[in-house]
Amino acid sequence: MAQQTLILVKPDGVQRGLVGEILRRIESKGYRITRMRMLTATDEQLASHYHEHTAKPFYPGMAEYMKSGPIVAAVVEGNRVIEGVRSLSGATDPTSAAPGTIRGDLGRDWGDGQIRNLIHSSDGEESAAHEIGVWFSE
């Protein structure tokens, strides 16, 4: 069975009209999108998704950013898809992300103190299973 991961195109990616480009890069790599939906994140979804960060000082700002507009959640599958999508995404800081990556080509620092980095992807199989359950609980 193919490995699965969750990706979120964050509010900045949706607002900037980059959903198609981000998904195109994932599909061009040969991965398959098996489920997808656009929604506005709730406090409950964010607290569950980012459960390991809720007590950290940066969490309230991150949660506000993630609720600032619609997001696109997708389940992507393929061989070693977790590793592959994280490589496609690039470094968390878009300024230092390598050219050729989603964040390196499409992201930048907007000077507002908030990391707006276009995409989230699961960091392991356990987190992927948890995160898919948060965003696709039906």
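**Starting from Arg103**

Let me begin at one residue, Arg103, whose place is in helix 6; helices here (H or I, at least four residues) and strands (E, at least two) are DSSP runs, numbered from the N terminus. Before going further, please keep in mind that this is a predicted model, in which local features need pLDDT of at least 70 and side-chain atom pairs count only at pLDDT 80 or more, while totals for chains, interfaces and linings use all residues. Residues are numbered from 1 along each chain as its sequence is written, and side-chain values use heavy atoms, with hydrogens and water left out.

Is Arg103 buried or exposed? Arg103 is buried, because its relative accessible area is 8%, and buried means under 20%, exposed over 50%, and partly exposed in between (1.4 Å probe, protein chains only). If we set aside neighbours within four places in sequence, Arg103 is in contact with Ser89, Gly90, Ala91, Thr92, Pro94, Ala97, Asn117, Ile119 and His120, where contact means heavy atoms within 4.5 Å.

Thr92 lies in the loop between helix 5 and helix 6, and, not counting residues up to four places away in sequence, Thr92 touches Arg103, Ile115 and Asn117. According to UniProt, in an unreviewed entry, the feature "binding site" is placed at Lys10, Phe58, Arg86, Thr92, Arg103 and Asn117; UniProt positions are in the numbering used here, feature names are shortened, and annotations may be inferred rather than shown by experiment. From this set, the lining of the largest pocket takes in Lys10, Phe58, Arg86, Thr92, Arg103 and Asn117. A pocket, on a 1 Å grid over the protein atoms alone, is an open set of points where a 1.4 Å probe fits, with protein on both sides within 12 Å along at least five of seven lines, and its lining residues have an atom within 4 Å of a point.

Turning to His120, this is the residue that UniProt lists, again in an unreviewed entry, for "active site". His120 lies in strand 4 and is buried, because its relative accessible area is 13%. Leaving out residues up to four places away in sequence, His120 touches Leu6, Ile7, Leu8, Lys10, His49, Arg103 and Glu131.

Strand 4 (residues 119-121) pairs with strand 1 in the antiparallel sense over three bridges, pairing being called if DSSP finds at least two bridges between two strands, and Ile7 stands opposite Ser121 in strand 4. Strand 1 is also joined, by seven bridges, to strand 3 (residues 71-78), and these two run antiparallel, with Gly78 in strand 3 as the bridge partner of Gln3. Strand 1 itself (residues 3-9) is mostly covered, as five of its seven residues are buried.

Which residues have the most contacts inside the largest nonpolar core? They are Ile7, Val9, Ile22, Ile26, Tyr31 and Val76, in a core of 21 residues; such a core is a set of buried Ala, Val, Leu, Ile, Met, Phe, Trp, Tyr and Cys residues joined through side-chain atoms within 4.5 Å. Strand 1, helix 2 (19-28), strand 3, helix 5 (81-89) and helix 6 (102-106) each supply at least two residues of this core. A second, separate core of 18 residues includes Ala41, Leu46, Trp135 and Phe136.

In helix 7 (residues 125-135), Ser127, Ala128, Glu131, Ile132, Val134 and Trp135 are buried, and, seen down the axis, the buried residues fall within an arc of 155°, so they line one face of the helix; the arc is that of the directions from the helix axis to the C-beta atoms. On the other side of helix 7, Glu125, Glu126 and Ala129 are exposed. In helix 2, the buried residues are Val19, Ile22, Leu23, Arg25 and Ile26, and because they cover an arc of only 155° around the axis, they sit on the same side of helix 2. Just after helix 2, Gly30 takes a positive phi of about 105°.

Finally, a residue elsewhere in the fold: Arg35, in strand 2, is partly exposed, with a relative accessible area of 32%. Arg35 and Thr92 are 57 residues apart in sequence and 24 Å apart in space, C-alpha to C-alpha.
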